[in-house]
Amino acid sequence: MSEPEFAKAMHNRSFINAPIETVWSTLVATDEPLPFFFGAICQTPERKVGAKLRMVHPNGKIVMVV
């Protein structure tokens with residue numbers, strides 16, 4: 001019996017030409033759906049280093065916490 005074949009690892013890298021403050025405030029915007037988080041809205045009241053991020057889909061049925 002032969003060994004199964006696996007896909008090779010794929011690595012992607014993006015470079016954003018903007019100040020870190022701009023990038024961060026865009027990633028955790030609380031007033032609009034975020035397309036890069038599958039349309040979820042950030043519901044994290046205390047945005048500080050080490051805080052958990054709670055992203056909620058507009059229908060309220062899907063929640064991601066990081």
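Start by selecting Phe38, which is exposed, with a relative accessible area of 68%. That value is over the 50% cut-off, so Phe38 counts as exposed. The model on your screen is predicted. Keep Phe38 selected and look at its backbone. Its phi is near 60°, a positive value in a residue other than glycine. Most residues other than glycine have a negative phi. Phe38 sits in the loop between helix 1 and strand 1.

**Zoom out: the whole chain**

Now show the cartoon. What elements does the protein contain? There are one helix and three strands. Along the sequence they follow the pattern α-β-β-β. Helix 1 covers 20-27. Strand 1 covers 41-42, and strand 2 covers 54-56.

Next, look at the overall dimensions. The C-alpha atoms fill a box of roughly 55 × 35 × 25 Å, taken along the principal axes. What is the radius of gyration of the protein? It is 17 Å, whereas a compact globule of 66 residues would have a value near 11 Å.

The accessible surface comes to about 6,200 Å². Carbon and sulfur atoms account for 59% of that area. Of the 66 residues, 17% count as buried. Turn to the contacts between residues at least 6 apart in sequence: 11% of them join residues at least 24 apart.

Is Phe36 buried, partly exposed or exposed? Its relative accessibility is 41%, between the cut-offs of 20% and 50%, so Phe36 counts as partly exposed.

Together with Phe36 they form a nonpolar patch on the surface. The accessible area of the three together is about 280 Å².

**Select Val23**

Move to helix 1 and pick Val23, which has its place there. Val23 has a relative accessible area of 18%. This is under 20%, so Val23 is buried. Which residues does Val23 contact, leaving aside its neighbours within four places in sequence? Ile16 and Ala18.

**Select Leu53**

Leu53 lies in the loop between strand 1 and strand 2. At 18% relative accessibility, Leu53 counts as buried. Now show its contacts, leaving aside neighbours within four places in sequence. They are Trp24, Val28, Thr44, Met64, Val65 and Val66. You have met Trp24 already, as a member of the nonpolar surface patch.

**Last stop: Thr44**

From Leu53, step across to its contact Thr44. Thr44 is found in the loop between strand 1 and strand 2. Is Thr44 buried or exposed? Its relative accessible area is 6%, under the 20% cut-off, so Thr44 is buried.

Show what Thr44 touches, not counting residues up to four places away in sequence. The partners are Lys52, Leu53 and Arg54. Then zoom in on Arg54. Its backbone nitrogen lies 2.9 Å from a polar atom of the Thr44 side chain.

Conventions
Residues are numbered from 1 along each chain as its sequence is written. This is a predicted model: local features need pLDDT of at least 70, side-chain atom pairs count only at pLDDT 80 or more; totals for chains, interfaces and linings use all residues. Side-chain values use heavy atoms; hydrogens and water are left out. Helices (H or I, at least four residues) and strands (E, at least two) are DSSP runs, numbered from the N terminus. Buried means under 20% relative accessible area, exposed over 50%, partly exposed in between (1.4 Å probe, protein chains only). A polar contact is a pair of N or O atoms within 3.5 Å; within protein, one must be able to donate a hydrogen and the other to accept it, and residues adjacent in sequence count only if both atoms are side-chain atoms. Contact means heavy atoms within 4.5 Å. Patches are made of residues with over 30% relative accessible area and no salt bridge: like charges are joined within 9 Å, nonpolar side chains (Val, Leu, Ile, Met, Phe, Trp, Tyr) within 5 Å. Accessible areas come from the Shrake-Rupley method with a 1.4 Å probe; for residues, only the protein chains shown count as cover. A salt bridge is a side-chain nitrogen of Lys or Arg within 4 Å of a carboxyl oxygen of Asp or Glu. The radius of gyration is taken over C-alpha atoms; the globule rule is 2.2 Å times the number of residues to the power 0.38.
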